[in-house]
Amino acid sequence: MNYVIADNYLCLFALLEMILKQNNVNISQYELAEKAGITVPDGYKTEIKNVKYSSIQNDYGVAISTSLLQEIFDEVSVDIHVSYLDGLHTDEVGLTSVLRKRLAEGQYVILTFSYGVLYNKEQYADLGHASLLKKVLDEDWIQIYDPGPDSPGIKDVRISDMYEAMRKKGGAYFLD
């Protein structure tokens, strides 16, 4: 898979760009953001025209949903079906089991979570983020691709930390 580094507030769209390229569809994170729309901080400068402004950190980025993701795949004729597991509707052990099973089935797994909780940056606790699950390393660790833009790359994170970050804000999107 070719990794893409996200622009500010486009982490989910960078991951979708990667997945779509792997399925022979070339559409950029910027084109996806233009289609779906994003919310950015008041006064933030962006070339994207489908934008809303807010002073509330919880609003920044895209208002993601299974229906929005499914609509994107349907529009570009990629046969991917989307399902979701809310971070509040699982436990840490169950999460590990589900992630391992979904990867074994060849599914893409996009994890959405609180950036501040996962990376221990309290001032960003309400800021959502997305990463692509690469591997379940063992009962305690997973490997993700974090598209950034701050420190993008492959990272090993504790499942317990991801679980807490998902419970604060997010869940797991399964694309099969």
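Tutor: Tyrosine 108 stands opposite leucine 175, a residue of strand 8, and this pairing belongs to the contact between strand 4 (residues 108-114) and strand 8 (residues 171-175), which run antiparallel and are joined by 5 bridges. Strands here are DSSP runs of E with at least two residues, helices are runs of H or I with at least four residues, and both are numbered from the N terminus; two strands pair if DSSP finds at least two bridges between them. Before going further, note that this is a predicted model, in which local features need pLDDT of at least 70 and side-chain atom pairs count only at pLDDT 80 or more, while totals for chains, interfaces and linings use all residues. Residues are numbered from 1 along each chain as its sequence is written, and side-chain values use heavy atoms, with hydrogens and water left out.

The open sheet as a whole has 6 strands in the order 3-8-4-5-6-7, with antiparallel pairing. Strand 3 (82-86) and strand 7 (153-158) stand at the edges, and because each has a single partner strand, one side of each is left without a neighbour in the sheet. Neighbouring strands are turned by 35° against each other on average, direction ignored; such angles are taken between axes, which are lines fitted to C-alpha atoms (for helices over the stretch in contact), and they run from 0 to 180 degrees between N-to-C directions.

Helix 1 lies across strand 4, strand 5 (128-136), strand 6 (141-146) and strand 8, and it runs at about 40° to strand 5. Helix 4 (residues 92-104) touches strand 3, strand 4, strand 5 and strand 8, and its direction makes about 70° with that of strand 5.

Within strand 5 we can look at serine 131, which counts as buried because its relative accessibility is 0%. Buried means under 20% relative accessible area, exposed means over 50%, and partly exposed lies in between, using a 1.4 Å probe and protein chains only. Leaving aside neighbours within four places in sequence, serine 131 is in contact with residues including Leu15, Val109, Phe113 and Tyr145, where contact means heavy atoms within 4.5 Å.

Strand 5 continues to strand 6 through a hairpin of 4 residues, and the two run antiparallel, joined by 4 bridges, with valine 136 standing opposite isoleucine 142 of strand 6. Since 5 of the 6 residues of strand 6 are buried, this strand is largely enclosed by the rest of the structure. On to strand 7, strand 6 pairs in the antiparallel sense over 6 bridges, and tryptophan 141 has arginine 158 as its bridge partner there. The hairpin of strand 6 and strand 7 has 6 residues between them, and glycine 148 in the turn has a positive phi of about 75°.

Aspartate 150 and lysine 121 meet in another, at 3.4 Å from N to O; aspartate 150 lies in the loop between strand 6 and strand 7 and lysine 121 in the loop between helix 5 (115-118) and strand 5, so the pair ties together parts that are 29 residues apart in sequence.

Technical notes:
A salt bridge is a side-chain nitrogen of Lys or Arg within 4 Å of a carboxyl oxygen of Asp or Glu.
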